[in-house]
Amino acid sequence: MSLMLSPVSSVLRQSARFVSAKSELLASILEASSTIRGIRPSSTSSEVRELFQSAIRGFAKDRGRDLYFPFLASGLGSGPWVELVDGSVKFDMITGIGIHFFGHSHPALIEEMIEGLPSDIMQGNLEPGIEMRDLLRALLSRVGEGSRLAHGWLMCSGTMVNEVALKIVRQKKFPATKVLAFKDCFAGRSTAMQEITDNPGYRQGQPTYGEVFYLSFYDPKLGLQPSVDRTLTEMREHLTRFPGQFALLMTELVQGEGGFQYAPRDYYVRVFEEAKKAGLALWMDEVQTFGRTGELFAYQKFDLNEFVDVVTVGKMLQSCALLYTAEYNPKPGLVAGTFSGSTAALRTARRVLELLDEGKFLGEGGRIERLSAKFVEGLESLRVGNCKGMIGEVRAIGGMIGFEPFSGTMEDVKAVLMKLFDLGVIAFYCGHGPYLIRMLPPLGAMDEDHIEQVCQVIQHALTEVDRQRKGESSKEKV
Ligand SMILES: Cc1ncc(COP(=O)(O)O)c(C=O)c1O
């Protein structure tokens with residue numbers, strides 16, 4: 001529950017003028033948003049199209065690099081649909097890499113932003129606003145039975161909360177500093193996180209400090225026992241080679257960038273028990289999985305509450321946080337930073353947590369689980385039906401939904417992503433070969449019909465790419 005607001009602020013927000021201006025503003029935004037009701041091609045005016053193209057070219061020039069898609073949001077959308085500045089509307093199945101779980105222009109979130117208007121724009125650690133207190137309380141009150149997480153810190157990026165997670169564990173475990181992580185993991189792109197991230201392509205020209213060692217992850221083809229044996233053998237080898245030097249094991253319970261791979265609970269239990277025995281801290285990077293697997297925290301989905309020493313969250317929360325046990329509470333001076341977030345982000349983050357509860361999204365039989373099953377059913381029926389031979393594996397858990405187009409090469413993925421974009425669906429990729437089409441859809445704003453419509457566009461895109469490929473190979477033969 002929120003603390004009582006200060007008298008002036010409270011009087012202002014309850015005043016007739018503020019209340020009526022708020023409802024007018026909200027009504028006008030929602031009226032505009034309600035006109036966005038499905039995929040729309042770009043404006044028919046060649047002048048608008050040329051202005052759009054030139055804005056995209058100018059932005060790319062300023063960035064020194066092309067955009068992945070010719071995408072510039074207009075600032076308005078409606079549920080799963082996002083409007084671009086050329087007037088086109090797309091089904092947004094990746095939401096800026098999983099940020100807008102409740103879709104675009106969500107009334108309850110806009111209302112929070114309006115409520116936050118009288119406040120300062122940004123907040124930080126020295127002079128926090130009530131919003132910081134409320135968000136941290138809301139997170140800590142949801143860590144689940146058996147969890148030992150007791151404190152937390154709010155920051156503005158997943159990479160930054162990960163940095164702090166690493167720092168607080170290293171401080172506690174000093175002089176042990178080394179990190180165990182799983183192959184194919186992703187942790188961000190700061191100097192430390194790029195070394196943890198298992199992708200040398202993301203750290204070209206950067207030094208590494210010999211601090212990170214990788215373990216093979218669960219492999220469904222191997223099965224449970226051989227996967228556990230392989231991981232534990234590697235862990236023991238590393239621990240024996242550098243005795244007393246490892247501080248922690250970092251785990252993405254569902255690998256995001258790595259291709260939506262995850263293990264059964266027993267695998268995690270056996271690996272975590274061994275890691276604990278070796279004195280390692282267990283840090284879960286849930287920046288991508290938070291709120292998405294069907295439980296608020298992925299460790300809850302796998303019933304691993306007791307094991308977690310530190311967890312980091314971000315993306316769909318609209319804010320980023322690390323939560324940790326009392327044991328890992330750092331010494332003063334280790335953690336600070338000017339910004340903890342914008343007032344709008346902190347308010348909407350708290351509201352996102354409430355909306356997940358109110359809309360019955362979480363838990364067994366919850367909305368995430370049901371919509372996820374519908375997505376998988378749609379993709380599986382394409383795989384064996386109209387798109388036979390065009391879809392390899394379908395891999396999904398909750399609101400993390402992926403499929404392997406054709407043979408899962410980067411070329412296949414890119415061709416399908418570009419075709420999808422042209423046809424009005426935005427998605428992205430993940431995996432390290434095979435590559436998958438990655439969707440982090442705004443399930444908070446979707447129903448079964450939307451999913452069917454998206455699957456129809458996927459069918460269309462795959463069929464077109466297939467036809468083009470066949471056309472090209474028959475031309476080659478001629
Ligand atoms: C698992 C994981 N950790 C960390 C990050 C980095 O978060 P951010 O991009 O907010 O810095 C990401 C971002 O994709 C992620 O998926």
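User: A residue counts as buried if 20 or more other C-beta atoms lie within 10 Å of its own, as exposed if 12 or fewer do, and as partly exposed in between. By that rule, why is Gly129 in this predicted model called partly exposed?

Analyst: Happy to walk through it. Gly129 has 18 other C-beta atoms within 10 Å, and therefore it is partly exposed. Gly129 sits in the loop between strand S4 (122–123) and helix H6 (130–140).

User: How do you know which residues Gly129 is in contact with, leaving aside its neighbours within four places in sequence?

Analyst: The test is whether two C-beta atoms, placed from the backbone, lie within 7 Å. Ser119, Gln123 and Thr343 are in contact with Gly129 on that basis. For a view along the chain, Leu346 is 217 residues away from Gly129, with 9.5 Å between the two C-alpha atoms.

User: And what makes Ser74 partly exposed?

Analyst: Ser74 has 14 other C-beta atoms within 10 Å, and 14 lies between the cut-offs of 12 and 20, so the label is partly exposed. This residue belongs to strand S1. Beyond its neighbours within four places in sequence, Ser74 is in contact with Glu83, Leu84 and Val85. Val85 is 11 residues along the chain from Ser74, and their C-alpha atoms are separated by 4.4 Å.

User: Why are S1 and S17 said to stand at the edges?

Analyst: Let's begin with the sheet itself, an open one of four strands in the order S1-S2-S3-S17, with mixed pairing. Strand S1 (73–78) and strand S17 (425–426) each have a single partner strand, so one side of each has no neighbour in the sheet.

User: What makes strand S8 largely enclosed?

Analyst: Six of the six residues of S8 (residues 246–251) are buried, so the strand is largely enclosed by the rest of the structure. S8 pairs with strand S6 (residues 178–182) in the parallel sense over four bridges, and Lys178 stands opposite Phe246 in S8. Strand S11 (residues 281–286) is also joined to S8 by four bridges and runs parallel; here Leu248 faces Ala281 in S11.

User: Where do the side chains of strand S19 point, and are they buried or exposed?

Analyst: In a regular strand the side chains alternate between the two faces of the sheet. In S19 (residues 436–439), Leu436 and Arg438 point one way and Ile437 and Met439 the other way, and all are buried. S16 is joined to S19 by three bridges and runs antiparallel, with Gly402 and Arg438 as bridge partners. Strand S18 (residues 428–430) likewise pairs with S19 in the antiparallel sense over three bridges, and Tyr429 has Ile437 as its bridge partner. The hairpin of S18 and S19 has five residues between the strands, and Gly431 there takes a positive phi near 95°.

User: How do you know that the span of helix H13 is close to what is expected?

Analyst: H13 (residues 367–384) has 18 residues and reaches 26 Å from its first C-alpha to its last, against 26 Å expected at 1.5 Å a residue. Its buried residues include Ile368, Leu371, Phe375 and Leu382.

User: What part does H13 have in the contact between domain 1 and domain 2?

Analyst: The domain assignment gives domain 1 (46–98 + 364–477) and domain 2 (122–358). Their C-alpha centres lie 28 Å apart, and the contact takes 17 residues from domain 1 and 15 residues from domain 2. H13, strand S15 (391–397) and strand S16 (400–405) each give two or more residues to the side of domain 1 that touches domain 2. S15 has the largest share of that side, three residues.

User: Finally, which residues come nearest to the ligand?

Analyst: Gly158, Thr159, Gly188, Val287 and Gln288 come nearest, out of 15 residues around the ligand. Helix H7 (residues 158–173) gives the most to this shell, with three residues. By class, the shell has four nonpolar, eight polar and three charged residues.

Conventions. Residues are numbered from 1 along each chain as its sequence is written. This is a predicted model: local features need pLDDT of at least 70, side-chain atom pairs count only at pLDDT 80 or more; totals for chains, interfaces and linings use all residues. A residue is near a molecule or strand if its C-beta atom, placed from the backbone, lies within 6 Å of it. Ala, Val, Leu, Ile, Met, Phe, Trp, Tyr, Cys and Pro count as nonpolar, Asp, Glu, Lys and Arg as charged, and the others, Gly among them, as polar. Two strands pair if DSSP finds at least two bridges between them. The expected span of a helix is 1.5 Å times one less than its number of residues. Domain bounds come from an automatic or database domain assignment.
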